[in-house]
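Hi,

Here is the structure I said I would pass on. Have a look at it first, and my notes follow below.

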Amino acid sequence: MADNMERFEQQDVLPDLDEAIDLHRAALALCPLGHPDRSISLNNLADSLNVRFEQRGALPDLDETIELYRAVLALCPQDHPDRSMSLYHLAISLRIRFEQQGALPNLDEAIDLYRAALALCPLGHPDRSMSLNRLGNSLNTRFEQRGALPDLNGAIELNRAALALCPLGHSGRSMSLNNLANSLLARFEQQGALSGLDAAIELHGAALVLCPLGHPDRSISLNNLANSLNVRFKQQGALPDLDEAIWLHRVALALCPLGHPDRSMSLNNLANSLGARFEQQGALPDLNEAIELHRAALALCTLGNPDRSISLSNLAIGLDTRFEQQGALPDLNEAIELHRAALAIRPLGHSLRYQSLNNLANSLRVRSKQQGALSDLDEAVELYRAAFALLSPSHFLRSSSLNNLAKSLLVRFEQQSMTSDLEEAFGLYLQLPEISHAVSCKDLYAAKSWAASAEQLNHHSALVAYQTALELLDRHVTVLSSFSRHFDVIREATSSIAMDAFSCSVRHGALTTAVELVERGRAVFWTQLARFRTPLDELSASGGTGEALAEEFKQLSFRIRKALDALDVSLEDRSSQIRQLIIQWDGVISRIRRLPDFSRFLLPPLFSDLQKAGEDGPVIIVNASRYSCDALIVLISQDPAHVSLDITQAEVSELTSTFQSLTSHAGTSDHKTESYKIVGVLRTLWRRVVASILEVLRKFVPRGSRIWWCPTAEFTLLPLHAAGPYEPNSHNFSHFYVSSYTPTLATLIRARRQGSRDASSQHFVAIGQASPDRAKELRCVAAELDIVAQRVAPFLSFTSLAGSDATVQGAFDTLSQKQWLHLACHGMPNQEEPFESSFAMYDGSLMIKDIIRTRLQDPEFAFLSACHTTVGDKWSPDEAIHLAAAMQFSGFRSVIGSMWSIDDDVAGQIVSHFYDNLVDDSGRLDCKRAARALHKAVKKLRKQIPFEQQIVFVHIGV
């Protein structure tokens, strides 16, 4: 037996291995239960079968190996000297079977066995470091599958402990550094804390230092560090990270000379990083080099090489990209031939055949557009059709494939006017509502494509297309976490879809549907945060079944999110995994909805729910879409009233640009000239928008009532409350009604539902920061805090926080205990990174992303006496990512914020009159009086303060 195994190990002759296994079986038959050598014989046979499994991949060999190792373990009781090794053997084999089949019970059992093995390796044991690493790695793997944070945290602690046992000079230190780095990287991907990513990069860097030139793991270590830097580049967009990753990939490639087994992988890694830098900077030398590297990789993949088709595709895609840049037809023609070659070696049944059909069709469609060759378009249609036929109804790429086929059919319809192409295209689109898989951005893109085509061709399915798109948007964002790093995904997904859906609904006379649809597609990040936070808290708090279902829902959402992030890997297998997860996820939601009070868990509100927003006064949705501009007045006891607006979206956009340009200089130029120009914009706003709304409003609402504006798109950046003719013997809008704003109807309903607490148990804090870190001094902050104290302290428990006490942590600590807030400081909007918009404190920035993580105790009211607190992301104003919204979504029922810069001197005057009006006749502060208090304060100061300062403050909420 030994001779056979030795000869196999030296010459790799499989018949020798087969014969060795037969001999081990015969030896085992001679060692019945109770025989002193039975354990050794079981082990020998298991080891040999394990080797054959590694050679041939036959699962029956692995299954038998596991059963044999189980038998060995049964012969090694607690105090047996070989028990630790036996536990390891069985755990390793179960881990391998998990990797082969994906059955989590195998991984669970392996983890239990690794725990048992670790218990046998106390401090000082030579195998303790190895044992810690193995258990840590398995917990990390289970976290990737189930998303349970205790597993990840456990893995990190075990990897830290393993690293502590591997001081400088220890042979296992490099592996331990890499293991800990990988766990921290996983935690970053889950929680978004950049400190974890930075630490992972530092650890990978330390591991690389331990792999000097000549070290066998140097190439792997270079790649690990490069990949981590690539992740940080994708998060932060810092080009030095990408540049360093490219340099590391170059060094790794230099360690893989011709003939090295990893050379092709290394060429591709470098090519992909250069491609990413080209996408950022558009430098053609990077793209050209990436193409040459892909050529070199292809040259290493001769006919018969399993990676040849991938290499053909990589080179073809690079050439496609260069054609898009330079328009050189030889590049496109070569790409088409390479795509054909890749397709030829991906026959029916090949996992990447779909990709090749699609790639070739894309390139042919581009050439058809360039050269007008109908034969190219006809071939593209047939290729798209073949690709679509390969995908099951539940495949995650089905909608993307459907969209490709539909769009090519519509292009052909435009050229040849064949009705059959038109009917087939929209027949395909009408399948989109039946999607059963986890929704990705590709599904949303297909639905938006359908809506755009239906609008363009005036097809009757337009409204269904918008309803489908918003349903898919809802399902997509539901599995995203509420971390701000997912905002880019939401921003990309939403674009103008809600506003266009509103317009389409109005044009079809479906006014209640318009309200439902626009509500679903705006302020999506905040809506998701609110929909998850409160219902899941309530579900967890219900105990027993509810608590278990809440935890199961969180874990499944995480696993779906992880699977969606990896959609480019192993298409059919991944699709099958996601399908199973979605079935489980839907099952959990169904069980939650069967619980009392949770029947509409995660369902969007109906109009009958949203109509409640109008119970204290009408809500006016003012919408701008490329197709029409309209307003709907939502009333408590009847259908919405429609007002058609005599303005286009382009004109609204121009008006907004003009107004923002004027207010950006507020308080710094000649007041009279500035005011005159601002009034000009407000007159246009009155004439083209607000006057017609007022005309309808007066039929339903008595003068002097409160109303709420709910603007969309560019209207969010205009002061609708201040519109008016501004002429003698005429009245502006503020003469008729008291204005408030709300980002969405649901937000207003939620704020009302919270109710008001007994004033005796409430606390007021005034936070002022006149000398913030790295910002100019504010002269009037101390005086403003004194004004607030004089007016509030007699009625409410009052605290003041100023100067060096008004730190970031001090503000957080105070906010978590107080219900009423007055904040006087610099507001620092960040329109590029809106979650980094902040209030300037003594020692740094109090950012939106930190505010929304804070749980506050029944907050009531916040007066934000700071500049630009309602200024959000300039690319997606409908998401309302600004400081005032952050306070409102953190729970403050009523918020006053500013639309542009406020004058330090003027703020104190407004604040003084505001708080005088906030106290009711019984000496009680009522946050519902905030809108009227602001209205009266401004009215009283109208002749004393600059015009742009009269309209800068707005009220949001109840």
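**Helix pairs and a cavity**

H7 passes H8 in a left-handed crossing (left-handed if the near helix is turned anticlockwise from the far one by less than a right angle, right-handed if clockwise). Before going further: this is a predicted model, so local features need pLDDT of at least 70 and side-chain atom pairs count only at pLDDT 80 or more, while totals for chains, interfaces and linings use all residues. Residues are numbered from 1 along each chain as its sequence is written, and side-chain values use heavy atoms, with hydrogens and water left out.

Helices here are DSSP runs of H or I with at least four residues, numbered from the N terminus. Axes are lines fitted to C-alpha atoms over the stretch in contact, with angles from 0 to 180 degrees between N-to-C directions.

**H7 and H8**

The axes of H7 (residues 128-146) and H8 (residues 149-164) come within 8 Å and cross at roughly 155 degrees. That makes H7 roughly antiparallel to H8 (over 145 degrees; under 35 is roughly parallel, 65 to 115 roughly perpendicular and the rest oblique). On the H7 side, the residues in contact (heavy atoms within 4.5 Å) include Leu132, Leu135 and Phe143, and they meet residues of H8, among them Leu152, Ala155 and Leu158. By class, this contact of H7 with H8 has 10 nonpolar, seven polar and two charged residues. Ala, Val, Leu, Ile, Met, Phe, Trp, Tyr, Cys and Pro count as nonpolar, Asp, Glu, Lys and Arg as charged, and the others, Gly among them, as polar.

**H14 and H15**

H14 (residues 284-299) and H15 (residues 308-326) have axes that come within 9 Å and cross at roughly 160 degrees. That makes H14 roughly antiparallel to H15, and their crossing is left-handed. The contact of H14 with H15 counts eight nonpolar, eight polar and three charged residues.

**H17 and H19**

What angle do H17 and H19 pack at? It is about 30 degrees for H17 (residues 353-371) and H19 (residues 398-416), with the axes 12 Å apart. That makes H17 roughly parallel to H19. Tyr354, Asn358 and Arg365 of H17 make the contact with Ser401, Asn404, Lys407 and Ser408 of H19. Its classes are one nonpolar, four polar and two charged.

The structure holds two cavities of 30 Å³ or more (on a 1 Å grid over the protein atoms alone, sets of points where a 1.4 Å probe fits but cannot get out; lining residues have an atom within 4 Å of a point).

Cheers

Conventions
Helices (H or I, at least four residues) and strands (E, at least two) are DSSP runs, numbered from the N terminus. On a 1 Å grid over the protein atoms alone, a cavity is a set of points where a 1.4 Å probe fits but cannot get out, and a pocket is an open set with protein on both sides within 12 Å along at least five of seven lines; lining residues have an atom within 4 Å of a point. Grid points are joined across faces, edges and corners, and a volume is the space filled by probe spheres set on the points.
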